[in-house]
Amino acid sequence: MTLGGYLLGDGLLRAKEAERSVTVRGLAERDVTADLATWTISYSASAANLAEAQGKVQQDTRAIEGFFDGLGFPADSLQPTGANVSSHTNRGVTTYTVRQRLALRTDNIELAQKAVANQFDLVGRGVFLEEGSGMSYTFTKLNDIKPEMVAEATRDARASAEQFAQDSGSGVGAIKDATQGYFSIEARDGDGGGWGKSDSPYKKVRVVTTVNFSLD
């Protein structure tokens, strides 16, 4: 009975010690610059004659190609991604609309920004840009910075745990378990996009980890 009581008491003590832990969150943020720019350019022309509408779109295509060539983009940076033709009849008069889409893809972010800054030159060349023709910037090297950011978030979590432990007269031990949150990539200076605007190449990467530390 004495031995059984000792074992029971020792087990309860170890169970109580095992419960001594603190769960905290750690944050890591990093400012990065996008390394890929994509721009889908949509434009259209309407006319009572299909051939006339097609001719205008072809003219606009040459104007767009000349615009990017003048900025110094390689010819293969710009690729066609789709086209369609529609028509509607009003009071017996049929109007044909031809739409064309070109996509720019480049890793030259500085040149991409220059193109956006001068995009209304296309309007001056007679190109009717449709809504949604905005530049989009992407950061593709997240895997390169993930390990460092997870380590940074874990250090931040430990600092919070140490503050908690200090206030409660305890010490921080080993990690019991941890959960890595999702990485988010957002515009560093707020939302972009919309007509006449573009996404920002300056991004903020963020991750939050949840870590459970044992307390000594």
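Tutor: We begin with a term: a residue counts as buried when its relative accessible area is under 20%, and as exposed when that area is over 50%. Please keep in mind that the model before us is predicted.

Student: With that cut-off, how many of the twelve residues of strand β2 are buried?

Tutor: Strand β2 covers residues 36-47, and nine of its twelve residues are buried, so this strand is largely enclosed by the rest of the structure.

Student: Which strands are joined to β2 by bridges?

Tutor: In general, the side chains of a regular strand alternate between the two faces of the sheet. In this model, eleven bridges join β2 to strand β4, residues 93-106, and the two run antiparallel. Alanine 47 illustrates this pairing, with tyrosine 96 as its bridge partner in β4. Strand β5, residues 135-138, is joined to β2 by four bridges, and this pair also runs antiparallel. There, alanine 37 has tyrosine 137 of β5 as its bridge partner.

Student: How should I place these strands within the whole protein?

Tutor: The protein has five helices and eight strands. Along the sequence they follow the pattern α-β-β-α-β-β-α-α-β-α-β-β-β. Of the 216 residues, 33% count as buried. Among contacts between residues at least 6 apart in sequence, 79% join residues at least 24 apart. The accessible surface comes to about 13000 Å², and carbon and sulfur atoms account for 48% of it.

Student: How does one read a helix, for instance α2, and which of its residues are buried?

Tutor: Helix α2, residues 50-71, has 22 residues and reaches 32 Å from its first C-alpha to its last, close to the 32 Å expected at 1.5 Å a residue. Its buried residues are Ala53, Val57, Asp60, Thr61, Ala63, Ile64, Phe67, Phe68 and Leu71. Seen down the axis of α2, these residues fall within an arc of 165°, so they line one face of the helix. The face turned away from the buried side carries the exposed residues Ala51, Glu52, Arg62, Asp69 and Gly70.

Student: What covers the buried residues of α2?

Tutor: The cover includes strands β2, β3 (78-90) and β4, together with helices α3 (109-117) and α4 (120-124).

Student: How many aromatic pairs does a search of the whole structure find?

Tutor: The search finds three aromatic pairs. The rings of phenylalanine 67 and phenylalanine 68 have their centres 5.0 Å apart and their planes at 80°, so this pair is edge-to-face. Both of these residues are buried. For phenylalanine 68 and phenylalanine 73, the ring centres are 5.4 Å apart and the planes stand at 80°, so that pair is edge-to-face as well. Phenylalanine 73 is buried, as is phenylalanine 68. Ring pairs link Trp39, Phe67, Phe68 and Phe73 into a cluster.

Student: Finally, which residues does glutamate 152 contact, leaving aside its neighbours within four places in sequence?

Tutor: Glutamate 152 lies in helix α5, residues 142-167. With those neighbours set aside, glutamate 152 is in contact with Leu27, Ala28, Glu29 and Arg30. Glutamate 152 and glutamate 29 are 123 residues apart in sequence, and their C-alpha atoms are 8.9 Å apart in space. Glutamate 152 has a relative accessible area of 26% and is partly exposed.

Conventions:
Residues numbered from 1 in each chain as written. Predicted model: local features only at pLDDT ≥ 70, side-chain atom pairs only at ≥ 80, totals over all residues. Heavy atoms only, no water. Buried < 20%, exposed > 50% of the residue type's maximum accessible area, 1.4 Å probe, protein only. Pairing = 2+ DSSP bridges. Phe/Tyr/Trp six-rings, centres within 6.5 Å; stacked < 30°, edge-to-face > 60°. Contact = heavy atoms within 4.5 Å. Areas by Shrake-Rupley, 256 points an atom, 1.4 Å probe, with all protein chains shown as cover. Expected span 1.5 Å × (residues − 1). Arc of directions from axis to C-beta.
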